Amino acid sequence: MELGMIGLGRMGANMTERLVRGGHKVVAYDRNSEAIDRVAGFGALPAHSLADFVARLQPPRAVWLMVPSGKPVDETISALKGSIERGDVVIDGGNSNYKDTMRRAEDLIASGIDYIDCGTSGGIWGLKEGYSLMIGGARAPVERLTPIFQTLAPAHDQGWGHVGPSGAGHFVKMIHNGIEYGMMQAYAEGFAIIQRKKEFNIDLHQVSEIWRTGSVVRSWLLDLIAEGLKDNPALTGIKPYVDDSGEGRWTAFEAVDLDVFAPVITLSLLERLRSRDTDSFSDKLLAMMRHEFGGHAIKKD
């Protein structure tokens, strides 16, 4: 089956490679010409402009976007709208906010162009292991693109599914990432407690390996922890700064909007924000207050 891929960052390039290996024709475009050359090296058909990209695809076209959420998605769709036609389909495989997805779908469908949102999980391991795909949109274009989803997924009948109308795929992926925040935070706190118990001199890598088999907390995240601790048990050279892609925030906001109590996900998001404050004014203010009301000592820089 034929597909166009726009956005050849690491994940987009890996997805392109998996599709080519699976026997699909993939026309690839990115603003970075070096990225285009890399995917051409394993069999993708290079396009060096959007006009060339669209011209190389046979109608009805299927165009998969792997670009950053927000303005870049809107800009890419706007650039495509003058070239793609009624009956074509655009798939957003990035981490877009589901509310933006619903707006984009309504706009494109009015022009006769289908819009599919595909929440995609798997990261850099997806090339080998396959991707988990959470798909939203009309049933007919999803069914037409089934061979694409089956190739990207871990198996033809596993790891992917059509979860609902436009926006549903990105909504489910948003909640998926919120859960991920909480799981990661729990692992991080548990290992930190063990690491602080100095008198036992516990080998954290050994613990992670023990837990990987038979334990109720075994998971792929734990596999990654074990691999990381094996190579760098003291986490030397890693700055305690944790970024976020935005979906944890959106999950917390959604919980508030729906009156759902979600303290673990919310607190894990707040902990990420806290990790970025290397000169915490709030902590300084807390120390000052303790000194003022109780005479407690203040540690000086």
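Q: Where in the fold is the place of Asp259?
A: Asp259 sits in the loop between helix H12 (247-257) and helix H13 (263-275). Helices (H or I, at least four residues) and strands (E, at least two) are DSSP runs, numbered from the N terminus. This is a predicted model: local features need pLDDT of at least 70, side-chain atom pairs count only at pLDDT 80 or more, and totals for chains, interfaces and linings use all residues. Residues are numbered from 1 along each chain as its sequence is written, and side-chain values use heavy atoms, leaving out hydrogens and water.

Q: What is the phi of Asp259?
A: Most residues other than glycine have a negative phi. Asp259 is not a glycine, yet its phi is positive, about 55°. Asp259 is exposed because its relative accessible area is 72%. The cut-offs are under 20% for buried, over 50% for exposed and partly exposed in between (1.4 Å probe, protein chains only).

Q: Where does Asn201 lie?
A: Look in the loop between helix H9 (168-196) and helix H10 (204-211). Asn201, not a glycine either, has a positive phi of about 50°. Asn201 counts as exposed, because its relative accessibility is 68%.

Q: Which residues does a cis peptide bond join?
A: Most peptide bonds are trans. Here a cis bond links Pro59 to Pro60, with omega at about -5°. Pro60 belongs to the loop between helix H3 (50-56) and strand E4 (62-65).

Q: How far apart are the end C-alpha atoms of H11?
A: Take 1.5 Å times one less than the number of residues as the expected span. H11 (residues 220-231) has 12 residues and should span 16 Å; its end C-alpha atoms are 17 Å apart, which agrees.

Q: Which residues of H11 are buried?
A: An α-helix has 3.6 residues a turn, so residues three or four places apart point the same way. In H11, Leu221, Leu222, Ala226 and Leu229 are buried. Down the axis of H11, the buried residues fall within an arc of 140°, so they line one face of the helix. That arc is taken over the directions from the helix axis to the C-beta atoms. The buried residues pack against H9 and H10, where contact means heavy atoms within 4.5 Å. Lys230 and Asp231 are exposed on the face of H11 turned away from the buried side.

Q: Where is Thr213 found?
A: Thr213 is in the loop between H10 and H11. Thr213 counts as exposed, because its relative accessibility is 66%. Val142 is 71 residues from Thr213 in sequence and 37 Å from it in space, C-alpha to C-alpha.

Q: Is Gly93 buried or exposed?
A: Gly93 counts as buried, because its relative accessibility is 3%. Its loop runs between strand E5 (89-92) and helix H5 (98-109). Leaving aside residues up to four places away in sequence, Gly93 touches Trp64, Leu65, Met66, Cys118 and Thr120. Met289 is 196 residues from Gly93 along the chain, and their C-alpha atoms are separated by 49 Å.

Q: How far apart are the end C-alpha atoms of H14?
A: The 14 residues of H14 should span 20 Å, and the end C-alpha atoms are 20 Å apart, which agrees. Gly295 follows H14 with a positive phi, near 70°.
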